[in-house]
Amino acid sequence: MRPLDNRGGRLVGLSAFELELRGRISGRRAVAYADALVQAGERFVGEDGDAAAARALRARFGELGLEVVDREFTTLGYRDGHVELVLADGRRVDAIPPYFSPPTPSGGVEGELVFAGGGEEADYDGLDVDGRIAVIQEVGLGYSRFWLGTFVALAARRGARAVIVIHPLPWPYRMSLEAGNADLERRFLDERVPVVCVSGIDGGHLLHEIGAGRGRARLVVESELPQVTSWNVSGVLRGSELPDEHVLVLAHRDHGIQPGANDNGSGFGTMLEVAAALSAEQPRRSVEFLCTTAEEGTTPGVAAYIAARRAEGTLDQVRAAIDLDMFGVGGKLKLVELGLWPDAAPLRHSEWLMGWLEGIADELGYEVGRMTAPWGVAESGRFLEAGVPAVWFWKPDDFYYHSVHDSTDKLDGNSLKAVGDITAIGLWRLANAAELPAEA
């Protein structure tokens, strides 16, 4: 770790070029890029906003003189239409289905509400939910039921016709009907019924009605699960000496639900700002700016990118990957050190690469901590599984996560600036280092 030297405000260890590079990064512009992404509209993979964002990205990469590379793939999409939850007293409750929820039959599902605690196996002991609507509750103040697949399967096996999940915050959020599996082939369980999430406020009313013996509701979910086509779009700054070796920064452009400003306009905007800052330079290795889609869920989009690279015989040319995902709102800036999938061994990010970026943060005077992600690992995890060194910038405690309140006005441009500074200098040093470690 190099100390800061306050003489003249100069930072010891940073070259004159790196100081200039730092000056090229604007948090305000990064937020503007994020807002432009939000304006693209519905961006779940395969939707019009996803395609519009990809077109705009190709154009911007072209303006910067980067080589544009498209890798097309197909995957499962999700669209919901009319969603309605009406209680026996006539109260209409704001509800959001998780992505990949099946639709209700025509006319909806109507039935008695039965509270099933946290939705664990033991919660159903002595409980009759056959033909009824199971109501389960998030545990604590976190997102412990985000991967709904196993919880919905338990309810379905007991005969529940639908499931309602109570979120502790004053608004519902979008969850996933996947089981949280690290294995994409097993991302869905066979037992699935329609599901919605409601807020803690409405959930309290539901529980009151159940306790008073008036717990009955009608639920309508219109949804489609089509096969869709999309693209992982790269802008490549070719290296002068080792052009086939790539150091990579990635950010996904899709969202769980509109507007998706923090998740992941924050990463998208910061990546574009870094791309603009480096685009006129000539590093030894190539620098690749990768914009993925289909991150939401178990990340089939980046998995398709890695599979395509492997088929091309070029995966081993990716020497390091920096994942920019969701750091514009929340607590202190972190690197995710460890990720815990429900069905796989803990996945640890690359120690040498985390240390590389932490050292640069120290030189710049930024504070970057580490954390464990109990819900798994995002796109960086797919690179780690493939043997590519990877890290992930993230911020905890975004209460607007996956809700309609994840809007641009909540983004902290200073956080985007800090991540942009660290990432730009980190990429530059990685691209020009004499040697890079090979292990993930």
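Visitor: Where does Ala-373 lie, and is Ala-373 buried or exposed?
Guide: This is a predicted model, and what follows is computed from it. Ala-373 belongs to a strand that covers residues 369-373, namely β14. Its relative accessibility is 0%, and the limit for burial is under 20%, so Ala-373 counts as buried.

Visitor: How many Å apart in space are Ala-373 and Gly-65?
Guide: In sequence, Ala-373 and Gly-65 are separated by 308 residues. In space, taken C-alpha to C-alpha, the separation is 37 Å.

Visitor: How many Å separate Gly-204 and Asn-414 in space?
Guide: Along the sequence the two are 210 residues apart. From C-alpha to C-alpha, Gly-204 and Asn-414 are separated by 37 Å.

Visitor: What type of aromatic pair do Phe-17 and Trp-428 form?
Guide: A search of the whole structure gives 17 aromatic pairs. In the pair of Phe-17 and Trp-428, the ring centres are 4.7 Å apart and the planes make an angle of 45 degrees. Stacked needs under 30 degrees and edge-to-face over 60, so with 45 degrees this pair is tilted.

Visitor: How many residues apart in sequence are the parts that the pair of Phe-17 and Trp-428 ties together?
Guide: Phe-17 is in helix α1 (residues 16-24), while Trp-428 is in helix α10 (residues 413-432). Trp-428 counts as buried, at 16% relative accessibility.

Visitor: What type of pair do Tyr-143 and Tyr-401 form?
Guide: The centres of the Tyr-143 and Tyr-401 rings are 5.2 Å apart, with 80 degrees between the planes. Tyr-143 is in the loop between β4 and α4, and Tyr-401 is in the loop between β15 and α10, 258 residues apart. An angle over 60 degrees sets the type, so the pair is edge-to-face.

Visitor: How many disulfides does the structure hold?
Guide: Cys-197 is buried, with 0% relative accessible area. Cys-291 is also buried, at 0% relative accessibility. The number of disulfides in the structure is zero.

Visitor: What is the volume of the largest pocket?
Guide: The largest pocket is lined by 28 residues, and those closest to its centre are Tyr-143, Met-326, Trp-375, Trp-394 and Tyr-401. By class the lining has 17 nonpolar, five polar and six charged residues. The space in the pocket is about 510 Å³.

Visitor: What is the volume of the largest cavity?
Guide: The search finds one cavity of 30 Å³ or more. The lining of the largest cavity includes Phe-44, Arg-187, Asp-254 and Glu-296, and its classes are six nonpolar, one polar and three charged. Its volume is about 40 Å³.

Visitor: What is phi of Met-326?
Guide: Most residues other than glycine have a negative phi. Met-326, in the loop between β11 and β12, is buried at 4% relative accessibility. Its phi is positive, at about 75 degrees.

Visitor: What is phi of His-402?
Guide: His-402 is in the loop between β15 and α10. His-402 is buried, with a relative accessible area of 2%. Its phi is positive, near 55 degrees.

Visitor: What is omega for the peptide bond from Gln-258 to Pro-259?
Guide: Most peptide bonds are trans. Pro-259 lies in the loop between β9 and α6. The bond from Gln-258 to Pro-259 is cis, with omega near 5 degrees.

Definitions and conventions:
Residues are numbered from 1 along each chain as its sequence is written. This is a predicted model: local features need pLDDT of at least 70, side-chain atom pairs count only at pLDDT 80 or more; totals for chains, interfaces and linings use all residues. Side-chain values use heavy atoms; hydrogens and water are left out. Rings of Phe, Tyr and Trp (its six-membered ring) pair if their centres lie within 6.5 Å; planes under 30 degrees apart count as stacked, over 60 as edge-to-face and the rest as tilted. Helices (H or I, at least four residues) and strands (E, at least two) are DSSP runs, numbered from the N terminus. Buried means under 20% relative accessible area, exposed over 50%, partly exposed in between (1.4 Å probe, protein chains only). A disulfide is a pair of cysteine sulfur atoms within 2.5 Å. On a 1 Å grid over the protein atoms alone, a cavity is a set of points where a 1.4 Å probe fits but cannot get out, and a pocket is an open set with protein on both sides within 12 Å along at least five of seven lines; lining residues have an atom within 4 Å of a point. Grid points are joined across faces, edges and corners, and a volume is the space filled by probe spheres set on the points. Ala, Val, Leu, Ile, Met, Phe, Trp, Tyr, Cys and Pro count as nonpolar, Asp, Glu, Lys and Arg as charged, and the others, Gly among them, as polar.
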